[in-house]
Amino acid sequence: MIEKMKFLSITGPKADIDRMTETYLSKYEIHLENALAELTEVANLSPFLEINPYKEALNSINSFYEQLEKPENTSPRPMDAETAVTIVRRLQKESRSLAEAREKLEAEHAGMVDYLKIIRPFRNLDYDVSEILKFQYIHYRFGRIEKQYLQKFEKYIYDNLNTIFIKCGDDEQYVYGVYFVPKQQAHKIHAVYSSMHFEQIFMPDAYTGTAVEAFARLDHRHQEIHEGLNANKEAVKNFLGDNREDIVSAKAALDACSSSFDIRKLAACTQGDNNTFYILCGWMTEKDAASFQNDIKDDERIFCLMDDQQQPTKKKAPTKLKNPGLFRPFEMYVKMYGLPAYNEMDPTWFVAVTYSLIFGAMFGDVGQGLLLFLGGLFLYKKKHMDLAGIISCAGIFSIFFGFMYGSLFGFEEILHAVWLKPMTAMMDVPLVGTLNAVFVVAIGFGMFIILTCMVFNIINSIRNHDVEKTWFDSNAVAGLVFYGSIVLTVGLFISGRKLPAAAVLVVMFLIPLALMFLKEPLTNLVKKKAHVFPEQKGMFFVQSFFELFEVLLSYLSNTLSFLRIGAFAVSHAAMMEVVMMLAGAANGGSPNWIVIVLGNLFVCAMEGLIVGIQVLRLEYYEIFSRFYAGNGREFRPFMKFRAQKKAS
């Protein structure tokens, strides 16, 4: 069902808005509207412009909150805004010192990694690196050469150049070293080295002692930095743990204050004789609205005007669904299609009944239905998954139809069929011959559902004061009489009873068709419009003819669409018969229980998924399309919506 709504306009002194919000409004769910947009007929309104003073502190505390492990397990203690802001400032100061220490270590670490990377290949050089870097009369270069060029390189430089090359280390691809040349020949020899594929490595002036000493010293400092970073990480963890309750409590307090303050974005201001007043507009449930007015009745600083109509003119109320716990999971399917409008019928209960019933008829098996029921119930209780709740309800009806069909995990002989066996039950239909009984029942059930949906459409149309959809549409009274006449005639014919007289059939069929054909001019006539028929009458009659032809086809196709109920009931029994054959249990032999278990699991998973989708298709295309628009908007309590938006 849809909760009854009341539209409230709340006003008071501008400076009193925070007290009103915290004292009264925070206790209720209210769907706020933009007051400037709602009160277009009120003159001299202005926006309520103020900067949120809690925004910066809230952003800061959120950064701490996100670093906590499972913060939702900590209950916040009551805290005012001033205390929360003080806690935030203290946390910022303490965390800043930890962050600065970490940044300093990370910066030194970055440089240390580069220095270690450079000196590592040369650490076998047994000479003071800093002294080499001070040479004036002898030039040097640190670098590397690929091993494939090394032999040619050594032969050439030692036979032709005045230079010394000292190997310091190697890896899989390169040999690392340093060469020395006289200052006078440096330019020429540098060029020769380059031509021999020698790659220079720049050696920074950051090392003291021999290369191995410099490397050891840097490596030791590198380890110290790592230890310092680990200690800093542990200090941050302890800092968060020690302040866990303060962080959670401050966040809760600042969230509430910020949400209350953000109400100003939707408020309007108006100037009185001696004071400026705020105006808030929004929707509350009928019960909450009455409680709210009772709360503020003795508060002289607050005035609330409540609209007495069910739905105020020009105001589209939001939709808040309220269904029993058994039906609540099925709200998911309704919301997927679209929420009902405020004055529209809530189809949740109808979806719950028809979906579960049709699923059970298509998937009738006591054992597999029990698995669906228990598995869905476990997940629904454990994970609060709406889909699991739907599966659990569908499982109950699968168990019921399993008894009707006499099927238990595919075994057809253990249980006696209370009703029929889907694969073998046959019946004679006049002019058609022998048909499977479940197909005939499925068609009859489909006709009943379509008629019911037409009744729902008429109810919704009356609520919306829609003349055409109440009387002349294919799903209105005219369509109900026409399709109902078809159902009645088919029922009498199959049962072998006498059909109504020809005159009665003409009234039952031709008059509703004529009303549907002329629905547009008849609607104009009822509404007393000046022009009953459109100006292009020829185009109107052609268009109406094809629309009526399409309506007749839709009646046929929608009715036949329910054949899938019988088809899947038969296919389920056939699939389990195949499983029994593979397990060797078809002729009463000793079954292979592994095949039985795996086959049941496979059928339960695969066909259960397919049946679930097919039933949903029936709900959306054959049922919802006849009476349900789903163009409502969700009721979003301001405080809760703000919290959900921040969490996401």
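This is a predicted model: local features need pLDDT of at least 70, side-chain atom pairs count only at pLDDT 80 or more; totals for chains, interfaces and linings use all residues.
**Helix 4 and helix 9.** I looked up how helix 4 (residues 81-119) meets helix 9 (residues 244-262). Their axes come within 9 Å and cross at roughly 130°. The two helices are therefore oblique to each other. I noted the crossing as left-handed. On helix 4, the contact is made by Ala-81, Ala-84, Val-85, Ile-87, Val-88, Arg-90 and Leu-91. Helix 9 brings Asp-246, Ile-247, Ala-250, Ala-253, Leu-254 and Cys-257. I sorted these contact residues into eleven nonpolar, two charged and no polar.

**Phe-403.** I found Phe-403 in helix 14 (residues 386-405). Its relative accessible area is 39%, so I list Phe-403 as partly exposed. Leaving out residues up to four places away in sequence, Phe-403 touches Val-366, Leu-415, His-416, Ala-417 and Val-418. I also checked Phe-403 against Tyr-176, 227 residues away along the chain: their C-alpha atoms are 84 Å apart.

**Aromatic pairs.** I get 46 aromatic pairs in the structure. For Tyr-337 and Tyr-620, the ring centres are 5.1 Å apart and the planes stand at 45°, so this pair is tilted. The pair links distant parts of the chain, 283 residues apart: Tyr-337 lies in helix 11 (residues 331-337) and Tyr-620 in helix 22 (residues 593-627). Tyr-337 is partly exposed at 30% relative accessibility, whereas Tyr-620 is buried at 15%.

I then turned to Phe-545 and Phe-546, an edge-to-face pair with 5.4 Å between centres and 75° between planes. Phe-545 is partly exposed at 48%. Phe-546, at 51%, counts as exposed, the cut-off being over 50%.

Last, I logged one aromatic cluster: Tyr-337, Trp-349, Phe-350, Phe-456, Tyr-620, Phe-624, Phe-627 and Tyr-628.

Terms used. Residues are numbered from 1 along each chain as its sequence is written. Side-chain values use heavy atoms; hydrogens and water are left out. Axes are lines fitted to C-alpha atoms, for helices over the stretch in contact, and angles run from 0 to 180 degrees between N-to-C directions. Helices (H or I, at least four residues) and strands (E, at least two) are DSSP runs, numbered from the N terminus. Angles under 35 degrees count as roughly parallel, over 145 as roughly antiparallel, 65 to 115 as roughly perpendicular and the rest as oblique. A crossing is left-handed if the near helix is turned anticlockwise from the far one by less than a right angle, and right-handed if clockwise. Contact means heavy atoms within 4.5 Å. Ala, Val, Leu, Ile, Met, Phe, Trp, Tyr, Cys and Pro count as nonpolar, Asp, Glu, Lys and Arg as charged, and the others, Gly among them, as polar. Buried means under 20% relative accessible area, exposed over 50%, partly exposed in between (1.4 Å probe, protein chains only). Rings of Phe, Tyr and Trp (its six-membered ring) pair if their centres lie within 6.5 Å; planes under 30 degrees apart count as stacked, over 60 as edge-to-face and the rest as tilted.
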